[in-house]
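Reader: I'd like to go through this chain with you. Can we put it up and take it piece by piece?

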Amino acid sequence: MSAAKLRKNDMVVVLTGEDKGKVAPIIEINYSKQSVILKGINKKTKHHKPSQENQEGRIEKKEFPIHISNVAYMVKKGDANNKNAVSSKVGWNVDKKTGKKQRFLRKIKKNVSGDK
């Protein structure tokens, strides 16, 4: 398996769906299903039936996964409502000096800072 282009706590922009244009950090990445869970995005209501441990049952609102192709790395922040945020897909670039592979923003042709 190759290294992931997006990582936990990266700020991303949602490209499609009900939450299109919203900006959020990545909470969790599932590499096998190629999905990400974003903070406050794609929230759904889940009902839990009463059981012996939980006599009353409950209604829980939680974030559900989004396919990784439907989000892009945020390059530039938008206005107050996170509109007009600039995003870029992420690729790979090999540094000629050190020979290390780095994440590369394709739209602006720069390496992502904060890599290990």
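Reader: Over residues 5-32, what share of the chain is helix and what share is strand?
Author: This is a predicted model, so treat what follows as computed from it. Over residues 5-32 the chain is 0% helix and 43% strand. The end C-alpha atoms of that stretch are 14 Å apart.

Reader: What does UniProt list for residues 5-32?
Author: The UniProt record has "domain: KOW" there, in an unreviewed entry.

Reader: Now the whole chain. How many helices and strands?
Author: The chain has 0 helices and 11 strands. Along the sequence the pattern reads β-β-β-β-β-β-β-β-β-β-β.

Reader: What percentage of the residues is buried?
Author: Buried residues make up 27% of the 116 in the chain.

Reader: And what part of the contacts comes from residues 24 or more positions apart?
Author: They account for 37% of the contacts with a separation of 6 or more.

Reader: On to the core. How many residues are in the largest nonpolar one?
Author: The largest nonpolar core has 15 residues. Leu6, Ile26, Leu38 and Val71 have the most contacts inside it.

Reader: Which elements give two or more residues to this core?
Author: Those are β1, β2 (23-30), β3 (35-38) and β7 (71-76). The largest share comes from β2, with 3 residues. As background, nonpolar side chains tend to be buried together in soluble globular proteins.

Reader: Take Leu38. What does Leu38 touch?
Author: Leaving out residues up to four places away in sequence, Leu38 touches Val12, Val14, Ala24, Pro25, Ile26, Ile27, Glu63, Ile66 and Val71.

Reader: Val12 is on that list. Where is Val12 found?
Author: Val12 is in strand β1.

Reader: Buried or exposed?
Author: Val12 is buried, because its relative accessible area is 0%.

Reader: Which residues does Val12 touch?
Author: With the same exclusion of residues up to four places away, the contacts of Val12 include Leu6, Ile26, Leu38 and Val71. Val23, Ala24, Ala72, Tyr73 and Met74 are also among them.

Reader: How far apart are Val12 and Val86 in space?
Author: Val12 and Val86 are 9.8 Å apart, C-alpha to C-alpha. In sequence they are 74 residues apart.

Reader: Switching to charges. How many salt bridges does a search of the whole structure find?
Author: The search finds 3 salt bridges. In general, side chains of opposite charge can pair when their charged atoms come close.

Reader: Start with Asp10. Which side chain does Asp10 meet in a salt bridge?
Author: Asp10 meets Arg103, at 2.7 Å from N to O. That pair links distant parts of the chain, 93 residues apart. Asp10 is in the segment before β1 (11-14), and Arg103 is in strand β10 (residues 101-105).

Reader: Why does Arg103 count as buried?
Author: Arg103 has 3% relative accessibility, and buried means under 20%. Asp10 is also buried, with a relative accessible area of 9%.

Reader: What does Asp19 form a salt bridge with?
Author: Asp19 pairs with Lys22, and the closest N and O atoms are 3.2 Å apart. Asp19 counts as buried at 12% relative accessibility. Lys22 is partly exposed, at 40%.

Reader: And Glu60?
Author: The side chain of Glu60 meets that of Arg58 in a salt bridge, 3.9 Å from N to O. Glu60 is partly exposed at 26% relative accessibility. Arg58 is partly exposed too, with a relative accessible area of 43%.

Reader: Rings next. How many aromatic pairs does the search find?
Author: The search of the whole structure finds 0 aromatic pairs.

Reader: What sits over the ring of Trp92?
Author: The charged end of Lys101 does, 4.7 Å from the ring centre. Lys62 lies over the face of Phe64, at 5.5 Å from the ring centre.

Reader: Last topic, backbone. What is phi of Gln34?
Author: Phi of Gln34 is near 55°, a positive value in a residue other than glycine. Most residues other than glycine have a negative phi.

Reader: Where is Gln34 placed?
Author: Gln34 is in the loop between β2 and β3. Gln34 is partly exposed, with a relative accessible area of 44%.

Reader: And Asn42?
Author: Asn42 has a positive phi of about 60°, although it is not a glycine. Asn42 lies in the loop between β3 and β4 (43-48).

Terms used. Residues numbered from 1 in each chain as written. Predicted model: local features only at pLDDT ≥ 70, side-chain atom pairs only at ≥ 80, totals over all residues. Heavy atoms only, no water. Salt bridge = Lys/Arg side-chain N within 4 Å of Asp/Glu carboxyl O. Helix = DSSP H or I, 4+ residues; strand = E, 2+ residues; numbered from the N terminus. Buried < 20%, exposed > 50% of the residue type's maximum accessible area, 1.4 Å probe, protein only. Phe/Tyr/Trp six-rings, centres within 6.5 Å; stacked < 30°, edge-to-face > 60°. Lys NZ or Arg CZ within 6 Å of the ring centre and 35° of its normal. UniProt positions renumbered as here; feature names shortened; annotations may be inferred. Core = buried A, V, L, I, M, F, W, Y, C linked by side-chain atoms within 4.5 Å. Contact = heavy atoms within 4.5 Å.
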